[in-house]
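Subject: Structure for your study

Dear colleague,

Please find below the structure that I am handing over to you. My notes on what was found in it follow directly after.

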Amino acid sequence: MIEFYPQIRFVHIACVIASGLLFALRGTLMLGGVRGYNHIALRALSWSIDTALLTAALMLATILHQYPFVHAWLTVKVLLLVGYIGLGTLALKRGRTRGQRALWFVAALAVYLAIVSVARAHHPLGFLHTLLAG
């Protein structure tokens with residue numbers, strides 16, 4: 001299965017970008033007062049992208065023999081992902097006021113960027129590791 005690594009990695013990265021852009025779009029629409037930010041078509045697209053993302057992630061973990069709770073950087077990624085999902089839910093569904101939703105939205109975007117940083121650096125601190133080491 002290692003021969004498919006480049007293609008699976010490409011799908012994973014493309015889904016990360018698509019998922020982040022779709023979340024940013026939905027959050028921006030929500031903050032702009034557009035009612036369609038939570039339309040079933042956008043939610044279904046999000047579910048589809050996230051399913052492909054998770055599938056590719058599991059395939060990569062299997063191919064590379066790198067697993068959460070064994071490798072620290074993957075553990076941090078998974079924990080940040082749980083936080084991102086929670087913050088995203090607060091931003092798009094559960095926040096009571098527009099101000100609260102805006103706060104949760106910005107926090108979710110920050111966690112998304114932290115996940116990307118950890119993934120790119122393959123270190124639990126992400127790019128902070130290179131800043132602190134230098």
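In helix α3, the buried residues are W73, L74, T75, K77, Y84, L87, G88, A91 and L92. Buried here means under 20% relative accessible area, exposed means over 50%, and partly exposed covers what lies in between, with a 1.4 Å probe and protein chains only. Helices (H or I, at least four residues) and strands (E, at least two) are DSSP runs, numbered from the N terminus. The cover over the buried residues of α3 includes α1 and α4. As for its length, α3 has 23 residues, which at 1.5 Å a residue should span 33 Å; the end C-alpha atoms are 31 Å apart, which agrees. The expected span of a helix is 1.5 Å times one less than its number of residues.

Please bear in mind that this is a predicted model, in which local features need pLDDT of at least 70 and side-chain atom pairs count only at pLDDT 80 or more, while totals for chains, interfaces and linings use all residues. Residues are numbered from 1 along each chain as its sequence is written, and side-chain values use heavy atoms, with hydrogens and water left out.

The overall picture

The protein chain has five helices and zero strands, and from the N terminus its elements run α-α-α-α-α. Taken along the principal axes, its C-alpha atoms fill a box of roughly 45 × 35 × 20 Å. Of the 134 residues in the chain, 28% are buried. The accessible surface comes to about 8,500 Å², and carbon and sulfur atoms hold 72% of this area; accessible areas come from the Shrake-Rupley method with a 1.4 Å probe, and for residues only the protein chains shown count as cover. Among the contacts in the chain with a separation of 6 or more, 64% are between residues 24 or more positions apart. A contact means heavy atoms within 4.5 Å.

Helix α2 (residues 40–64) has 25 residues, which at 1.5 Å a residue should span 36 Å; its end C-alpha atoms are 36 Å apart, which agrees. Its buried residues are L42, S46, I49, L53, A56, L60, A61 and I63. An α-helix has 3.6 residues a turn, so residues three or four places apart point the same way. The cover over the buried residues of α2 includes α1 (5–31).

Which residue takes a positive phi just after α2? The residue is H65, with a phi of about 55°. H65 is found in the loop between α2 and α3, and H65 is exposed, with a relative accessible area of 55%. F69 lies in the loop between α2 and α3 as well. F69 has a positive phi of about 70° although it is not a glycine, and at 63% relative accessibility F69 counts as exposed.

The nonpolar cores

A nonpolar core is a set of buried Ala, Val, Leu, Ile, Met, Phe, Trp, Tyr and Cys residues joined through side-chain atoms within 4.5 Å. The largest one has twelve residues: F23, M30, Y37, Y84, L87, A91, L92, F105, A108, V111, Y112 and I115. Two or more residues of this core come from each of α1, α3 (72–94) and α4 (98–121), and α4 gives the most, with five residues. A second, separate core has five residues, among them C15, L22, I49 and L53. In soluble globular proteins, nonpolar side chains tend to be buried together.

Leaving out residues up to four places away in sequence, I115 touches K77, L80, L81 and Y84.

A91 is found in helix α3 and is buried, with a relative accessible area of 0%. What does A91 touch, not counting residues up to four places away in sequence? A91 touches F23, M30, R101, W104 and F105. S117 is placed in helix α4 and is buried, with a relative accessible area of 15%. A91 and S117 are 26 residues apart in sequence and 22 Å apart in space, C-alpha to C-alpha.

Yours sincerely,

A colleague
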